[in-house]
Amino acid sequence: MLKMTHLSKVYRTEVVETYALRDFNINVNEGEFVAVTGPSGSGKTTFLTIAGLLETFTGGQYHLDGVEVSNLNDNERSRIRNEKIGFIFQAFNLIPDLNVFDNVEVPLRYRGMKAAERKERIMNALERVGLASRAKHYPAELSGGQQQRVAIARALAGSPRLLLADEPTGNLDTQMARGVMELLEEIHREGATIVMVTHDPELAARAQRNVHIIDGQVVDLAEDPRFHHAVHAARGNAPA
Amino acid sequence: MLQIKPILAALKRHKAGTILIAMQIALTLAIVCNAIFIIHQRLDRVQRPTGMVESDLMTIQNRFVGTEESKAGPLVKADLQALRQLPGVQDAVALNSYPLRGGGWSTGVRTDPDAKNSKGHTTQYFGDEHTLPTLAVKLIAGRNFRADEIVEADPQAIPDPAVIIVSKALAEKMYPEGSALGKTIYIGDSKSPSTIVGIVERLQVPWNGTWSDTFYENSLIQPVQLTSAFTNYVIRTKPGQLADVLKAAPAALVKANRMRVIPSERGVRTFAQVREAAYKGDRGMAILMGVVCLVLLGITAAGIVGLTSFWVGQRRKQIGVRRALGATKHDILSYFLTENLLIGIAGVLIGAFLAVGMNLWLVTQFEMARLSAVYVVVGVIALLLLGQGATLAPAMRASRVSPVEATRSV
Amino acid sequence: MFAYYLQLGLRSLRKNPLLTLLMVLAIGCGVAASMTTYSVFRATSNNPIPQKSSQLFVPQIDNWGPDASQDNKGEPPNAMTYTDAINLMRDKRATRQTALFPAAVSIVPADPQMLPFRETSYAWYADAFAMFDIPFLYGHGWTADEDASHAAVAVIGKKLNEKLFNGANSVGRNINLNGRDYRIIGVANTWNPEPVFYDVINTNGFDDPIEVFMPFTRAVELQTTTNGNNNCSKDPGKGWDAWIGSECVWLGFWAELPSKEKADAYRQYLNGYAAEQQRSGRFRWAPNTRLRNVTEWLEYQKVVPQEAKVSLLVSLGFLLICLVNTVGLLLAKFMKRSSEIGVRRALGAPRKEIYLQFLIEAAAIGLAGGVVGLILTGLGVMGISLVFEPDIAKLATLDVSLVLLTMLLAVLSTVLAAFYPTWRAAQVQPAWQLKSN
């Protein structure tokens with residue numbers, strides 16, 4: 001589904017070159033639920049923006065659903081984002097001027113879908129996140145958890161093959177976070193591929209697989225005892 | 001506390017907005033300077049005195065019908081007699097033209113009959129001894145015409161007058177070195193001299209366009225009663241009786257002789273109406289330019305308010321941080337005011353060049369004078385003040401940003 | 001998508017009514033000022049006789065010599081002497097030709113209750129009716145024979161016919177001009193070229209339509225004076241005959257020359273004529289002649305008033321400032337929404353869609369500005385008589401084309417102003433929002 005090989009990303013300023021990602025390799029299979037962890041500044045968000053085609057990369061290859069994306073132009077990248085990828089942001093990123101219904105509608109609009117089909121999909125998606133009754137509300141009238149569920153509905157409405165989540169519970173309290181997490185797990189069970197960036201070991205533990213990034217490179221978890229330990233502690237079966 | 005360097009650094013990051021405001025200030029300055037200059041010029045023109053006492057004065061435009069063009073002398077005489085006998089009338093005169101009428105006669109004049117070129121240009125008024133009292137122009141030297149000096153003449157065969165009355169402006173033009181009274185001048189290419197017997201303080205020409213600007217107070221009066229079928233009666237009424245005579249005079253003329261045309265429009269006018277019609281364009285242009293200036297300044301001010309508000313909104317967090325780090329409200333206020341001042345100065349510098357350039361261009365295209373530097377200086381100050389005033393409200397809002405903003409995420 | 005963007009645009013505009021109002025007013029004012037002054041400029045720079053403007057010519061002959069013409073950039077006098085006009089009429093070198101002048105005549109009504117009155121009256125030759133394409137309601141113009149016989153005939157205008165004969169066919173009836181009877185042989189339909197190209201010298205280009213046409217030959221025989229200008233370089237001497245024979249210029253002259261060859265030939269003829277006058281001793285200088293067609297003549301005579309040009313220029317400058325202002329405000333407005341743009345881009349909106357969305361929003365502002373501009377233009381056109389002579393002011397009207405032009409200018413200029421802000425908006429990177437704060 002998602003395959004990066006020897007990928008690198010360099011930020012250049014007048015003074016220095018900074019490698020955000022260096023010789024970065026990852027392979028996420030169809031239907032997987034992968035958690036990406038790492039300390040802040042390690043490059044996990046860069047990885048996610050590149051994975052979501054929000055940014056270009058400097059070197060290496062990236063195959064998304066079998067397509068090499070480095071040569072795609074802006075329009076093609078937009079189309080792939082629109083059709084194949086769903087985004088869930090830490091800050092929700094709902095458009096404050098639009099109500100819940102209209103927010104969920106945004107990606108469908110760019111797909112040139114008929115009004116009836118749009119409506120059906122929107123209501124289905126809202127149904128799934130339990131907010132169908134709030135369709136006419138504006139983001140400001142909703143709690144953080146509800147807003148994030150709208151954002152998830154927006155990501156789901158387009159039936160994406162790949163769901164990218166950036167600290168989806170980062171701005172939420174524990175209870176709301178749990179609800180959002182359960183929703184993600186449910187979506188995963190239904191067949192979506194999910195890549196989630198988090199620094200919360202407990203959340204990471206609920207994913208099928210963990211990828212740890214340090215200094216812009218994927219680190220083999222087995223070779224990092226600290227993390228190994230933390231994960232097992234979270235799962236409640238720490239090695240003796 | 002005027003830390004210009006950090007402000008310049010900040011402006012570099014808002015290039016587009018900075019350039020737009022500076023451009024707007026520059027263009028506004030260029031247009032406002034030139035517009036106010038035009039207004040001033042026009043108003044100066046409007047305020048020119050005719051030299052006459054303009055109250056209680058009226059005119060009737062008359063053309064006799066069925067009479068030979070140059071044989072209307074007796075009819076004009078009869079009309080004048082009828083008019084002068086009307087109860088409300090103080091005096092009346094038949095002239096070829098009068099100040100601000102728009103059309104009239106003009107000629108070159110010489111002091112030396114053999115000179116190749118004329119020494120001055122002047123308008124010619126033809127009238128009898130009632131001309132000075134009727135127009136109520138001020139005689140400052142010499143005398144009025146005597147009744148026996150008046151000759152009747154066909155407009156196509158006017159004899160060279162022995163005596164004439166000139167305006168002070170013409171007298172000084174012809175004899176700059178001293179009193180022209182008693183001296184002679186030659187009208188047109190005539191070889192026979194006319195002696196100046198009287199000088200009036202001021203008498204404007206019939207025209208008010210730019211083409212007559214070089215001689216707009218050069219007038220001479222010839223003691224001639226034209227026998228032309230077309231004539232302008234100028235009537236001075238007794239004080240306060242203008243309204244009555246305005247009706248009575250044309251009625252009396254028609255009663256005396258029906259075979260005449262007094263146009264329904266502009267045929268009978270008070271001098272106030274003559275003045276208004278003459279300066280309509282100038283006054284209108286001044287009003288138009290005034291409105292344009294006001295709206296322009298308003299729009300520019302509003303534009304500055306709008307963009308500064310946007311910047312303030314964009315920088316709330318930054319302002320909060322500054323406040324948290326100890327900046328006073330006054331510091332924030334002066335930051336934004338200084339920022340606007342810097343942009344304003346850039347704008348007015350460009351604008352001053354534009355204003356002068358625009359004026360130079362207008363001078364080549366139209367009959368217009370050079371812009372005086374005073375207008376540019378005043379415009380520069382006005383626009384800088386306008387900018388500061390417009391920045392004040394958003395800057396005040398910025399100064400009220402709480403230091404707490406620093407801790408909030410976006 | 002258009003409806004969607006329009007809806008989004010209107011929503012965004014409603015959200016910040018003050019800013020929106022400011023932009024709409026700025027565009028409205030700028031457009032209104034431009035269109036009001038343009039309406040005058042359009043009227044004064046109009047081609048009054050488009051079908052013939054390149055075939056009708058004004059010949060000029062320098063009968064005053066270099067001393068006089070040096071004050072006028074070497075140009076010959078603007079009008080013609082009687083001598084030259086008659087000679088040109090006699091030579092008949094153009095397809096059609098006429099001398100003309102505004103005749104000082106008054107109409108004496110048959111009804112003794114009615115007072116004499118004046119209407120715009122011109123004396124010219126028979127050819128003029130065909131040259132100027134004058135339409136007839138009844139009858140026709142007179143013929144060359146009637147010119148030759150100084151016939152007492154006249155053509156009157158529609159308005160005068162209504163005034164004197166209640167609009168009935170008055171051909172064959174009499175009209176009294178200056179106390180003499182003339183037989184009416186035609187009633188002209190409304191003929192109101194703007195500017196009045198046929199006599200720019202005496203009207204500055206704007207006057208009421210002609211209501212009385214009389215034969216030039218008859219008018220001169222009766223010593224009818226001109227109602228227009230008479231310019232003399234020196235004293236003409238005393239009396240009518242002296243004046244007629246003098247070097248005073250007071251006549252207009254038109255020649256119809258339907259092809260370039262004819263015009264060139266006429267130019268040669270004029271120079272030949274001037275050379276002949278030089279040989280005969282009348283001119284003591286080399287031939288100096290001009291031949292200008294309608295368009296060139298109006299241009300040379302500066303028929304468009306200075307006020308019209310200056311105010312149009314100032315208004316255009318005004319519009320430019322309003323647009324700069326709009327660019328700034330739109331930039332602020334659009335950039336304020338960069339987070340929305342970032343999200344839209346992340347959700348798959350291609351750049352072109354962002355362009356479309358914001359340009360449509362701008363067009364909506366332009367449309368509103370156009371409506372405000374239209375109202376203000378209406379007011380401006382009503383108030384135009386403050387600035388311009390009544391003859392000119394009445395030409396400035398808010399017609400369909402001006403309405404369309406106002407709306408078009410408003411929308412186009414706003415969209416143009418929106419290009420830079422929109423470009424900036426479309427540059428917003430989709431990744432931007434994802435980066436942690």
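What radius of gyration does chain B have, and what would a compact globule of 410 residues have? Chain B has 32 Å, whereas a compact globule of 410 residues would have a radius of gyration near 22 Å; the radius is taken over C-alpha atoms, and the globule rule is 2.2 Å times the number of residues to the power 0.38. The model is predicted, so that local features need pLDDT of at least 70 and side-chain atom pairs count only at pLDDT 80 or more, while totals for chains, interfaces and linings use all residues. Residues are numbered from 1 along each chain as its sequence is written, and chains are lettered from A and ligands numbered from 1 in the order in which they are written.

**View 1. Overall form of chain B.** Taken along the principal axes, the C-alpha atoms of chain B fill a box of roughly 100 × 50 × 35 Å. The chain has 10 helices and 13 strands; helices (H or I, at least four residues) and strands (E, at least two) are DSSP runs, numbered from the N terminus. Of the 410 residues in chain B, 46% are buried. A residue is buried if 20 or more other C-beta atoms lie within 10 Å of its own, exposed if 12 or fewer, and partly exposed in between, with C-beta atoms placed from the backbone. Among contacts in chain B with a separation of 6 or more, 83% are between residues 24 or more positions apart; two residues are in contact if their C-beta atoms, placed from the backbone, lie within 7 Å.

**View 2. The annotated span of chain B.** An unreviewed UniProt entry carries the annotation "domain: ABC3 transporter permease C-terminal" for residues 291-403 of chain B. UniProt positions are given in the numbering used here, feature names are shortened, and annotations may be inferred rather than shown by experiment. In the model, residues 291-403 of chain B are 86% helix and 0% strand, and the end C-alpha atoms of the span lie 44 Å apart.

**View 3. Contacts between the chains.** Of the 2 pairs of chains in contact, chains B and C share the most contacts. Here 45 residues of chain B are in contact with 46 residues of chain C. On the chain B side, the elements that give two or more residues are helix H2 (15-46), strand S12 (260-261) and helix H7 (271-314). H7(B) gives the most, with 16 residues. By class, this side of chain B has 26 nonpolar, 14 polar and 5 charged residues. Ala, Val, Leu, Ile, Met, Phe, Trp, Tyr, Cys and Pro count as nonpolar, Asp, Glu, Lys and Arg as charged, and the others, Gly among them, as polar. No contact joins chain A and chain B, and their closest C-alpha atoms lie 9 Å apart.

View 4. Strand S10 (residues 219-226) of chain B is largely enclosed by the rest of the structure, because 8 of its 8 residues are buried. Ser219(B), Ile221(B), Pro223(B) and Gln225(B) point one way from S10(B), and Leu220(B), Gln222(B), Val224(B) and Leu226(B) point the other way. In a regular strand the side chains alternate between the two faces of the sheet. Strand S4 (residues 120-127) of chain B pairs with S10(B) in the parallel sense over 5 bridges, and Gln124(B) stands opposite Leu220(B); two strands pair if DSSP finds at least two bridges between them. Strand S6 (residues 151-153) of chain B also runs parallel to S10(B), joined by 3 bridges, with Val224(B) as the bridge partner of Val151(B). Strand S7 (residues 163-167) of chain B is antiparallel to S10(B) over 2 bridges, and Val166(B) stands opposite Leu220(B).

**View 5. Strand S1 of chain C.** All 6 of the 6 residues of strand S1 (residues 56-61) of chain C are buried, so the strand is largely enclosed by the rest of the structure. Leu56(C), Val58(C) and Gln60(C) point one way from S1(C), and Phe57(C), Pro59(C) and Ile61(C) point the other way. S1(C) pairs in the antiparallel sense with strand S10 (residues 252-256) of chain C over 2 bridges, where Leu56(C) stands opposite Glu256(C). S1(C) also pairs in the antiparallel sense with strand S11 (residues 289-293) of chain C over 5 bridges, and Asn293(C) is the bridge partner of Phe57(C).

**View 6. The open sheet of chain A.** The 6 strands of this open sheet have the order S6-S7-S8-S3-S9-S10 in chain A, with mixed pairing. Strand S6 (85-88) and strand S10 (217-219) of chain A stand at the edges with a single partner strand each, so one side of each is left without a neighbour in the sheet. Strand S3 (residues 33-37) and strand S9 (residues 209-214) of chain A pair in the parallel sense over 4 bridges, and Thr37(A) stands opposite His212(A) in S9(A).
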